[in-house]
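Okay, thanks for coming, everyone. I've got one model to walk you through today, so let me put it on the screen.

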Amino acid sequence: MSGKTFEYSLQVRWSDSDRLGHVNNTRFVEYLQEARAHFITECMQAAGEARGGSVVGKLTVDFLRPIFDASGPLQIEVSISRIGRTSFAVRHLVRDVEGILCADAEAVMVMFDLTAQAPRPVTDQERAVFSDYLDASEDRPESE
């Protein structure tokens, strides 16, 4: 089963590069966060939720190729790899301007009740929207 993919375009900024001339690994994480925040905001609006209230429980990143200033604009493809009772996993594929895969990452997002300061269940509306982006394939692309 392969669902929809949210696509986010991001330009590499001059300040993102380190002394070696490539984008620092911590900036990759910022790129993922920016794309994921836009994705989750769109999903929450579609679910009729004013504010999603989710936090990162775990983040893993496979750095496959370096990104340089000339690598942009980057395309970040975002999908859902699984949905649990109180969490969901967001998959991010970061591609350079030539379409070459530079990073493959997954963030486990935990739904969070801001008042109780505790995890909360994924609502039926959220589950329905996330399901539209569910990609159940276990295929992880190889570096090109």
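I'll go through the aromatic pairs and then the nonpolar core.

Quick caveats: this is a predicted model, with local features needing pLDDT of at least 70, side-chain atom pairs counting only at pLDDT 80 or more, and totals for chains, interfaces and linings using all residues. Numbering runs from 1 along each chain as its sequence is written, and side-chain values use heavy atoms, with hydrogens and water left out.

So, rings. There are four aromatic pairs, meaning Phe, Tyr or Trp rings (six-membered ring for Trp) with centres within 6.5 Å; under 30 degrees between planes is stacked, over 60 edge-to-face, the rest tilted. Take Phe-28 and Phe-63: they sit edge-to-face, 5.1 Å centre to centre and 85° between the planes. Phe-28 is in helix H1 (25-46) and Phe-63 in strand E2 (54-63), so this pair ties together parts 35 residues apart in sequence. Helices and strands here are DSSP runs, H or I of at least four residues and E of at least two, numbered from the N terminus.

Is Phe-28 buried or exposed? Buried, at 5% relative accessibility, while Phe-63 is partly exposed at 42%. The cut-offs are under 20% for buried, over 50% for exposed, partly exposed in between, with a 1.4 Å probe and protein chains only.

Ring pairs also link Phe-6, Phe-39 and Tyr-133 into a cluster.

Phe-39 comes back in the largest nonpolar core: 33 residues, with Phe-39, Ile-67, Ile-80 and Phe-88 having the most contacts inside it. That's buried Ala, Val, Leu, Ile, Met, Phe, Trp, Tyr and Cys joined through side-chain atoms within 4.5 Å. H1 gives the largest share of this core, eight residues.
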